[in-house]
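Hi,

Here is the structure I promised to pass on to you. Have a look at it first, and then read my notes below.

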Amino acid sequence: DAMADLLEADADAGREAVCTVALQKSALKSAADRTKLASDWRRAGVKRVLVESFNDGKSVHEAELRTARDFFRKEGFEVAGVVRLGRINLWERTACCLCDPIVQAVMRGEAERAARVFDRIVIDESTFGECTCAACTAPGRAERTAAIVEEHMLRTARQMNPTVRVERTAK
């Protein structure tokens, strides 16, 4: 998937680890668990930690994101936030539709929230091509997707934090 490609890309910059705070809270609950995780990652050569702020309908509270960000920075890692949409609601069994105004509102909100917490964010576009509705599968899909991401995520993130660096994973 695109996130795996991002993690394996640019070997000269060092290995990356995705700290999935939304999905692995237990690994970060205690100070001892966090310290062990950081130690394990350092031994493995990890230099950058990507902290998920949103995945499959689950948002992480800003306070938790700040705690994870500050902890990993203190431990010497470069830290960035990751926004991975997947499904917007856990009860949905289909991918999110980028043409849906509700999805676009979630995109704006999550990009804004990530940019409030992180100086650098990664937008994982690996699920952006999964919707099979008529609007999403019409000719010009790639251009439409790029315009939607630009309007609802990149522009929003930069308005919230003009110095934020934004990376996009390949589809």
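**What I found**

Over residues 1-12 the pLDDT stays under 50, and for this stretch the model has 19 contacts beyond four places in sequence. Here pLDDT is the predictor's confidence in each residue, from 0 to 100, and contact means heavy atoms within 4.5 Å. Where pLDDT is low, the predicted coordinates should not be read in detail.

A word on conventions before the rest. This is a predicted model, in which local features need pLDDT of at least 70 and side-chain atom pairs count only at pLDDT 80 or more, while totals for chains, interfaces and linings use all residues. Residues are numbered from 1 along each chain as its sequence is written, and side-chain values use heavy atoms, with hydrogens and water left out.

**The chain as a whole**

The protein chain has a mean pLDDT of 78, with 75% of its residues at 70 or more. There are six helices and six strands in the protein chain, and along the sequence they follow the pattern α-β-α-β-β-α-β-α-β-α-α-β. Both kinds of element are DSSP runs numbered from the N terminus (helices: H or I, at least four residues; strands: E, at least two).

Of the 171 residues, 46% count as buried. Buried means under 20% relative accessible area, exposed means over 50%, and partly exposed lies in between (1.4 Å probe, protein chains only). Among the contacts between residues at least 6 apart in sequence, 77% join residues at least 24 apart.

**Helix α4 and its two partners**

Two packed helices are described by the angle between their axes and the distance between the axes. The axes are lines fitted to C-alpha atoms, for helices over the stretch in contact, and the angles run from 0 to 180 degrees between N-to-C directions.

How do α4 and α6 pack? Helix α4 (residues 101-117) and helix α6 (residues 141-160) pack at an angle of about 30°, and their axes are 8 Å apart. That makes α4 roughly parallel to α6. The cut-offs are under 35 degrees for roughly parallel, over 145 for roughly antiparallel and 65 to 115 for roughly perpendicular, with the rest counted as oblique. The crossing of α4 past α6 is right-handed; a crossing gets that name if the near helix is turned clockwise from the far one by less than a right angle, and is left-handed if anticlockwise.

On the α4 side, the residues that meet α6 are Q104, M107, R108, A111, E112, A115 and R116, and on the α6 side they are I148, V149, H152, M153, T156, A157 and M160. By class, this contact of α4 with α6 has eight nonpolar, three polar and three charged residues. Ala, Val, Leu, Ile, Met, Phe, Trp, Tyr, Cys and Pro count as nonpolar, Asp, Glu, Lys and Arg as charged, and the others, Gly among them, as polar.

E62, L65, R66 and R69 of α3 make the contact with R113, R116 and V117 of α4. By class, the contact of α3 with α4 has two nonpolar, no polar and five charged residues.

**A few single residues**

M153 touches V83, M107, A111, I123, F128 and I148, not counting residues up to four places away in sequence. The C-alpha atoms of M153 and R108 are separated by 5.3 Å, although the two residues are 45 apart along the chain.

R155 also lies in helix α6, but R155 is partly exposed, at 43% relative accessible area.

G81 sits in strand β4 (residues 78-84) and counts as buried at 0% relative accessibility. Leaving aside neighbours within four places in sequence, G81 is in contact with V51, F118, R120, I121 and V122.

Finally, L37 is in helix α2 (residues 31-43) and counts as buried at 19% relative accessibility.

Best wishes
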